[in-house]
Amino acid sequence: MQMPSIASSVEMVPRSRIRELAEIAMSMDGVLRLYFGESNLPTPEYIKQAAVRAMNEGFTFYTENAGLPSTRRALAAHYGKMHGVDLDPATEIIVTASGVQALNLGIRAVLDPGDEALVLTPAWPNGSSSAMMANATVKQIAHPLCGDRYRIDFEGLEAAVTPRTRMLLYTSPSNPLGWVANAEEQQGLLEFSRRHNLWLIADEVYDRLYYAGSRLGEPVPSILRMATRDDAVVVIHSFSKSYCMTGWRVGWLIGRRDLIAKATQLIEFVVSHAPTFAQKAGETALAEGEEELARMLERLRQNRDLCLQALHGIAGMTVPKPDGAFYLFPRLEGLTDSFGFCRDLLMETRVGLAPGVAFGNGGEGSFRICYAAEQSILEPAMERLARFLRAGV
Ligand SMILES: Cc1ncc(COP(=O)(O)O)c(C=O)c1O
């Protein structure tokens, strides 16, 4: 009997190889889990209490598609304070049910079937997959490593543009590289996008996790500081990383008014809007989160240095020092199967890392360590990893 098949356009969308590794790890006991982009620390108490309060106050009903006006006002005020950028909460911001949904909506709103999307990689795979879900073609342009810093391959970008190219996605601070675009690189991306009439999509979900500013807590300057509100620039963001709120599924999208109007219409058909009490809890995170964030950043910087120290001097390994996010992305000479490497490491040592191949072009040959876990997890994990590497596997 003939059976209806799944649409070939979605069959092409690859599985997440981070998930694939995680699913093996989740079936095992006693694994030191450093494969996902999150800490093992719970959401801070003041945010949880804000959600309980919101529920008790009746924030349990549907809201506007674009999110509660008070949440959008709080986000606009936050951008004013952090970046000196003036945003209209009514027309330039939409609250979404996570950063990944912001990414998906932003991409869906700018791509037609058959269009081409440029994506700077290695990168979290969801951007490329969202473009594929919109029936577009993805061209991944790898960041070259020059000395100890990743750069942007502007020549590669120029060479990749065709009349079908519609957007460019970059992530700064980068997952998995920890690379942070400097002002000159941001300007270069903006000028490139303007020149070729492209949408520039900036994933800034890690902007508060920055160690190279004049003080901890200073955000990476948003691309919104350089762009005008009439530029075809879209910013993706989330409460997940700065406030340990990964399970809450609340993020936001900032963009040109016509794009935000369309995204506000589209979100109705996906989830209608972000969870109501989670939006209220997000407002509290923005208003009261700075002290807790400063403590977290101090701890993250120590974790980063602990991991760098543990991996120092291992033959054949290069570990660029990241300026942002909470990942190390060591490159191992001669490694051609990072998935196999991570699987073997998991089986032999019960340390779970993400394989570099999961992050697209330029990722194979590396693996990603998320150093957001507590030191009681990181220390034994680094010890086992270093022993495994020194054994020359
Ligand atoms: C680069 C990047 N963008 C967006 C997200 C989305 O985060 P969330 O969907 O939890 O808001 C993540 C999560 O890992 C990420 O690494």
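**Cavities, pockets and the ligand site**

The second largest cavity is lined by Leu103, Val119, Ala123, Trp124, Gly127, Leu169, Thr171 and Asp203. A cavity is defined on a 1 Å grid over the protein atoms alone as a set of points where a 1.4 Å probe fits but cannot get out, and lining residues have an atom within 4 Å of a point. The model is predicted, with pLDDT of at least 70 needed for local features and 80 or more for side-chain atom pairs, whereas totals for chains, interfaces and linings use all residues. Residues are numbered from 1 along each chain as its sequence is written, and side-chain values use heavy atoms, with hydrogens and water left out.

The second largest cavity holds about 30 Å³ of space, a volume being the space filled by probe spheres set on the points, which are joined across faces, edges and corners. Its lining comprises five nonpolar, two polar and one charged residues. In this classification Ala, Val, Leu, Ile, Met, Phe, Trp, Tyr, Cys and Pro count as nonpolar, Asp, Glu, Lys and Arg as charged, and the others, Gly among them, as polar. In total, two cavities of 30 Å³ or more were found. The largest cavity contains about 50 Å³, and its lining consists of Leu87, Glu92, Leu224, Ala227, Thr228, Arg229, Asp231, Val233, Ile254, Gly255 and Arg256. Five of these residues are nonpolar, two polar and four charged.

Open spaces were treated separately, a pocket being an open set of grid points with protein on both sides within 12 Å along at least five of seven lines. The volume of the largest pocket is about 660 Å³. Its lining is made up of 27 residues, of which Gly37, Trp124, Asn126, Lys241 and Arg249 are the closest to the centre. At least two lining residues each are supplied by helix H2 (17-26), helix H5 (99-110) and strand E9 (233-238); helices (H or I, at least four residues) and strands (E, at least two) are DSSP runs, numbered from the N terminus. The greatest contribution to the lining of the largest pocket is that of H5, with three residues. By class, this lining has 11 nonpolar, 10 polar and six charged residues.

A polar backbone atom of Gly99 is 2.6 Å from an oxygen atom of the ligand, and a backbone N or O atom of Val100 is 3.0 Å from a ligand oxygen atom. Ser238 places a polar side-chain atom 2.6 Å from an oxygen atom of the ligand.

Two or more lining residues are given by each of H5, helix H6 (126-133) and strand E4 (137-142), and the largest share, six residues, belongs to H6. The lining of the second largest pocket divides into 12 nonpolar, 10 polar and two charged residues.

Backbone geometry was also considered. Most residues other than glycine have a negative phi, and most peptide bonds are trans. Ser98, which is not a glycine, has a positive phi of about 115° and is found in the loop between strand E2 (93-96) and H5. The peptide bond from Ser172 to Pro173 is cis, with omega near -5°, and that from Asn175 to Pro176 is cis with omega near 20°. Pro173 is placed in the loop between strand E7 (165-171) and helix H8 (183-195), and Pro176 likewise lies in the loop between E7 and H8.

Definitions and conventions:
Polar contact = N/O pair within 3.5 Å; in protein donor to acceptor, adjacent residues only side chain to side chain.
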